[in-house]
Amino acid sequence: MLIRFEVENFRSIVEPAELSMVAVDDRPEVRIHPKFGASLVPVAGIFGPNASGKSNVLAALAWLRSAVRHSLRGWDDEIPVEPFAFGDRKSQDSSFALELEIGGIRFEYLLDVGRHRVSYEALFHYPEGRKRRVFEREANELVLQRGLGELAGTRTLLTDRSLALSIMRRFDEPTTSAFARTLLRITAMGQPLSGLRRSPARTMHSTLRLFDPPREGDFDDALPGETEFDEQEWQSTRRHAIALLQLADLGVADVEIEETRIESERSGTVTRRVPQLVHVADKERLPFEYQHESAGTQAWFELIGPVLMALRSGAVILFDELDASLHPTLTARLVELFKGHKSNPHGAQLVFTSHDTNLLNHLNRDEVWLTQKESNGSTRFAALSDFAGERVRRSANLESGYLSGRFGALPDVSRLDVLQDLGLIG
């Protein structure tokens with residue numbers, strides 16, 4: 001599970017912004033981890049005005065995941081980091097800190113990186129409650145924990161523009177492999193996070209395989225968090241997928257897969273599989289072409305695969321603009337799925353941005369984070385209680401308090417000069 005993520009000097013985030021999933025009080029939906037003495041929340045929602053930096057918090061974590069996955073192959077000429085564009089910060093390093101719970105053990109990964117070199121990178125863990133170094137590098141000087149000699153080959157491959165963790169994925173060392181796998185299972189959904197979102201074809205594939213098991217050669221590299229199904233697992237997961245479709249009350253009773261063979265000079269014969277959603281009206285069943293479904297139906301259908309895979313493996317989903325194309329009752333149901341122990345037995349987590357203040361009625365005070373744009377264009381990011389200037393009561397009506405401006409983080413729509421230019425006032 002995600003414990004904490006902190007980022008500094010990335011896009012609009014200048015000062016350190018920390019997202020903590022540590023619960024402030026015990027309640028039925030939190031996940032207790034006695035080995036490191038904390039309880040973690042399964043959901044966190046980020047709210048704030050347009051252009052205040054909500055998406056950038058998610059984009060930073062998605063960037064870190066992408067960096068570990070692609071630094072060896074994609075960072076040949078320059079590191080594609082995005083520091084704050086104004087002032088002297090654009091020439092300074094961006095910093096990331098990620099803490100994950102894996103098998104009851106706390107891990108901490110630290111990274112300082114600029115456009116031309118990795119300045120610092122380290123992985124620590126706390127197997128007995130005490131901090132132990134797995135590896136640490138200053139520039140290209142790498143120090144390994146005693147007993148990890150099988151990772152010594154990392155030094156040979158290490159360059160200014162490659163992450164040690166990316167290289168260590170090539171070695172079958174349990175500690176670093178477990179951390180890298182957990183990080184790479186993080187899935188980004190919703191609005192594109194500057195090209196970090198998976199392509200539509202791959203997003204669709206994640207859902208299609210729940211209704212039509214993948215065949216050899218469909219994709220050479222599996223999506224993060226995806227594992228092979230046996231027949232019994234597939235049937236069970238398919239039932240859950242159908243249940244999610246029916247939960248949305250879209251009139252969809254089943255899914256059929258239409259196959260079309262396409263001849264290509266370059267690829268030969270390619271089989272294209274497209275879903276058809278079977279609607280029922282007055283006991284009549286009729287499959288509809290997917291392209292004719294509404295945007296809301298398509299959005300709900302495409303999220304089913306990633307959501308069920310996350311619930312199945314205990315992964316983290318980042319969802320930018322959760323309320324886009326979805327009815328408020330559906331977003332609330334999605335939040336409930338992650339909060340329930342029965343529906344979420346492995347501790348999957350949902351971190352989302354939204355403008356839907358109705359969702360505040362489904363969140364606890366330690367599950368709400370707010371953003372606000374400062375005068376220099378940077379993002380102020382903090383917990384709800386920090387914005388409120390006081391400890392938010394457990395019984396507080398969060399939606400009412402937010403809309404009344406008690407917590408700040410609202411757009412300023414009262415500027416007289418703008419209202420006059422628009423002709424809204426005399």
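A139 sits in the loop that joins β9 (132-138) to β10 (141-144). The model is a predicted one, and in it A139 has a positive phi of about 55° although it is not a glycine. Its relative accessible area is 23%, so A139 is partly exposed.

A positive phi also occurs at N9, again in a residue other than glycine, with a value near 60°. N9 belongs to the loop between β1 (2-8) and β2 (17-20). Is N9 buried or exposed? With a relative accessible area of 0%, N9 is buried.

F36 is another loop residue, placed between β3 and β4 (38-40). Its relative accessible area is 22%, which means that F36 is partly exposed. Setting aside residues up to four places away in sequence, F36 touches I3, E101, G104 and R106. Along the chain, F36 and Y126 are 90 residues apart, and their C-alpha atoms are separated by 8.3 Å.

I257, by contrast, is part of a strand, β12 (residues 252-264). Apart from neighbours within four places in sequence, the contacts of I257 are L208, F211, D212, R273, V274 and P275. One of these, R273, is 16 residues from I257 in sequence, with a C-alpha to C-alpha distance of 6.2 Å.

The helices come next. Two packed helices are described by the angle between their axes and the distance between the axes. For α6 and α7, the angle is about 135° and the axes are 10 Å apart. The two helices are therefore oblique to each other, since an angle would have to be over 145 degrees to count as roughly antiparallel. α6 passes α7 in a right-handed crossing. On the α6 side, the residues that meet α7 are E233, T237, H240, A241, L244, L245 and L247, and their partners in α7 are W300, F301, I304, L308 and R312. By class, the residues of this contact are eight nonpolar, two polar and two charged.

What is the arrangement of α7 and α8? Their axes cross at roughly 10° and come within 12 Å. That angle makes α7 roughly parallel to α8, because angles under 35 degrees fall in that class. W300, L303, V307 and L311 of α7 make the contact with L330, L334, L337 and F338 of α8. The contact of α7 with α8 has eight nonpolar residues, no polar and no charged ones. An α-helix has 3.6 residues a turn, so residues three or four places apart point the same way.

How does the span of α8 agree with its number of residues? At 1.5 Å a residue, the twelve residues of α8 (residues 328-339) should span 16 Å, and the end C-alpha atoms are 17 Å apart, which agrees. The buried residues of this helix are L330, T331, A332, L334, V335, L337, F338 and K339.

Technical notes: Residues numbered from 1 in each chain as written. Predicted model: local features only at pLDDT ≥ 70, side-chain atom pairs only at ≥ 80, totals over all residues. Heavy atoms only, no water. Helix = DSSP H or I, 4+ residues; strand = E, 2+ residues; numbered from the N terminus. Expected span 1.5 Å × (residues − 1). Buried < 20%, exposed > 50% of the residue type's maximum accessible area, 1.4 Å probe, protein only. Axes fitted to C-alpha atoms, helices over the stretch in contact; angles between N-to-C directions. Parallel < 35°, antiparallel > 145°, perpendicular 65-115°, else oblique. Left-handed = near helix turned anticlockwise from the far one by under 90°. Contact = heavy atoms within 4.5 Å. Nonpolar A, V, L, I, M, F, W, Y, C, P; charged D, E, K, R; others polar.
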